[in-house]
There are 2 protein chains.
Amino acid sequence: MPSSELYAVIMAGGSGTRFWPLSRHRRPKQLLPLAGGRSLLAATVDRVLPLVGVGRTLVVTGEAVADAVRAELPSLPPENVLVEPVGRDTAACVGWMAWRLAERDPDAVMLVLPADHAIPDADALARALMAAAETARLRGGLVTLGVRPTRPETGYGYLEMGGRVGEAGGLAVHRVSRFVEKPPRERAEAMVEAGTFLWNAGMFAWTVGAIQGAIRSHLPELAAGLDRLRAASAESGEDTALRRYYPSLPGISIDFGVMERAPVVWVLAVDFAWSDVGSWRGMEELSGHGGVRIGDVLSVDSQGAILVSDGPLIAAVGVPDVVVVATPEAVLVVPKEQAQRVKELVESLRAAGRTDVL
Amino acid sequence: MPSSELYAVIMAGGSGTRFWPLSRHRRPKQLLPLAGGRSLLAATVDRVLPLVGVGRTLVVTGEAVADAVRAELPSLPPENVLVEPVGRDTAACVGWMAWRLAERDPDAVMLVLPADHAIPDADALARALMAAAETARLRGGLVTLGVRPTRPETGYGYLEMGGRVGEAGGLAVHRVSRFVEKPPRERAEAMVEAGTFLWNAGMFAWTVGAIQGAIRSHLPELAAGLDRLRAASAESGEDTALRRYYPSLPGISIDFGVMERAPVVWVLAVDFAWSDVGSWRGMEELSGHGGVRIGDVLSVDSQGAILVSDGPLIAAVGVPDVVVVATPEAVLVVPKEQAQRVKELVESLRAAGRTDVL
């Protein structure tokens, strides 16, 4: 398995409000210093560079943050940061990369990873990704990583393992029997109890040919759009083609548009610590102890608090149950158990025209 | 009573940590925008200007904040802001002004007011101060204002009214029978119940001659120091004299050093709303409703919270019981009922060498 055929595509187009005010329009979650002082994006790139090399690491992002993404990744050639003119969800992003790579190397294997997940054990991830690449190459289909659940999390999707079909790199390979959307609590508990369900971690491996075939089968409109995009790119240059054709690609996720429709998907069951860092509480669970401390923070009798500063000193006294996030522009204070209300707050700010803090 | 003989001395030398991080070394409480968006100092000056005129309004402050004080009071001649080279408590401050005025106008009446109290009803205060000045002139002694207590506050000193001796400007004039230090709760309740006790509001009126005599009687060391200071001022200029002699003046409060030792003190009982703004909770009580909102604040389900910003937007969701004070340098979060712990916090910061935020 020569490594010349392995590519990593890191999807860094996300934007979101759950980490407001730390996350903002031009600084989404993947750029926040949530990976031990470094950004989740930089940590993700560092995890795959040793596997595929700097030349075959591709980062796809959006226009609003492209400059910040390049600045965050000084070791990456600037042309390896690819910019969608508008976001069209993950199927279009993956498809664009697959169609592009197909022109250079149709047998290449693509690893696809979100830029904004936290995986502290880089070695375990590396072994799993290499095993997934090997499986993609040998079995020729779509491969995903599934994380053994450690709690009945209702914020993640699940997948059920069907029969075991073999092993790769010491990991069991199963066929996926079905995907399950984010479940209610009781369902999540039953799935964890059953022992045959894994968290759908959104990390994939496939050959360029396999994903092209799957997109042609399950998302023919996307495939046709990508054919037009590539033809136009050859004629008038990629930037012009992207502006012309990318906005009209159908916006659908790779999970919903391809994975859940594919007749065969392989899953490698992994058991390293993983979080999609979907909320401050997710950060806390990954840290393994109560509370989060990032930045300049002084905590007195506030053991369990989630205290995150991107500038001002946060002095928290006697508030073990709160989230405090401070930037020079805005300060959020909310009880931990109401942390999801930040969405509501951001809506209020948007309605009030407070773009100065969004 | 020609107004040419009336002076106001505003004591603006205070420093303190109870309003940290809003109050800082170079921006003490009297400079904070706690009087409806204006500083307590500016509000105090505005209250007395109509009574005594701009030329006879004197503000005494310390070196660290003198420039800020002058900037805060653009309508006042800069030479009316007098600067102590070091703080020596209120008896030295009052004495310095009395000795100074004695050279110009030994029969002048001095009103003495702290710069950092809140008194929303300026008219009521004006009437009381004019009545106090009249009493000082007619009776020739020391006059203080006492505020009828509205609650058994343990954070204030009290004084007991003796027999009523007359009236001035519609206010009863009593002789003070005794002063009471900040009392425990039960004592405070008993005093409020008794109806003969007033809050010691730290506002005074006396002729220059009366306070000079009282200082000579009760603080002879201070009087001797002030004699030396004035003699040296005449010889080598006031700045040089202050540096040479002011630091050696005894540091004692006018209350403890003079008022409590004087055989006769007159008190005018007033009943306007008054607060020494000793804490955020004091602010809240004065506001008459739950909570405080100052600056850029968005509050959701946080009705009773004390939210004060000097820069960043504070977004508070579901935290009705907290104090949040935000500046560009530091953010404090503490439950309202533990707000006094800010002192402890400031000590920790001092011990940690965090002068950048103090």
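## Fold and salt bridges of a predicted model

In chain A, 66% of the contacts with a separation of 6 or more are between residues 24 or more positions apart, a contact being heavy atoms within 4.5 Å. This is a predicted model, in which local features need pLDDT of at least 70 and side-chain atom pairs count only at pLDDT 80 or more, while totals for chains, interfaces and linings use all residues. Residues are numbered from 1 along each chain as its sequence is written, chains are lettered from A and ligands numbered from 1 in the order in which they are written, and side-chain values use heavy atoms, with hydrogens and water left out.

### Chain A as a whole

Chain A contains eleven helices and 15 strands; these are DSSP runs numbered from the N terminus, with at least four residues of H or I for a helix and at least two of E for a strand. The radius of gyration of chain A is 21 Å, close to the 21 Å that the globule rule gives for 358 residues, so chain A is as compact as a globular protein of that length. The radius is taken over C-alpha atoms, and the rule is 2.2 Å times the number of residues to the power 0.38. Along the principal axes, the C-alpha atoms of chain A fill a box of roughly 60 × 50 × 35 Å.

Of the 358 residues of chain A, 57% count as buried. Buried means under 20% relative accessible area, exposed means over 50%, and partly exposed lies in between (1.4 Å probe, protein chains only).

### Salt bridges

Over all chains, the structure holds 38 salt bridges, each a side-chain nitrogen of Lys or Arg within 4 Å of a carboxyl oxygen of Asp or Glu. The table gives examples.

| Pair | N to O distance |
|---|---|
| D116(A) and K29(A) | 3.3 Å |
| R164(A) and E167(A) | 3.4 Å |
| E238(B) and R100(B) | 2.8 Å |

R164(A), by contrast, counts as exposed because its relative accessibility is 52%. E167(A) is also exposed, at 51%.

In chain B, E238(B) belongs to helix α8 (residues 238–245) and R100(B) to helix α3 (residues 89–104), so the pair ties together parts that are 138 residues apart in sequence. E238(B) is partly exposed, with a relative accessible area of 21%. In chain A, salt bridges that share partners join R100(A), E103(A), R230(A) and E238(A) into one network.
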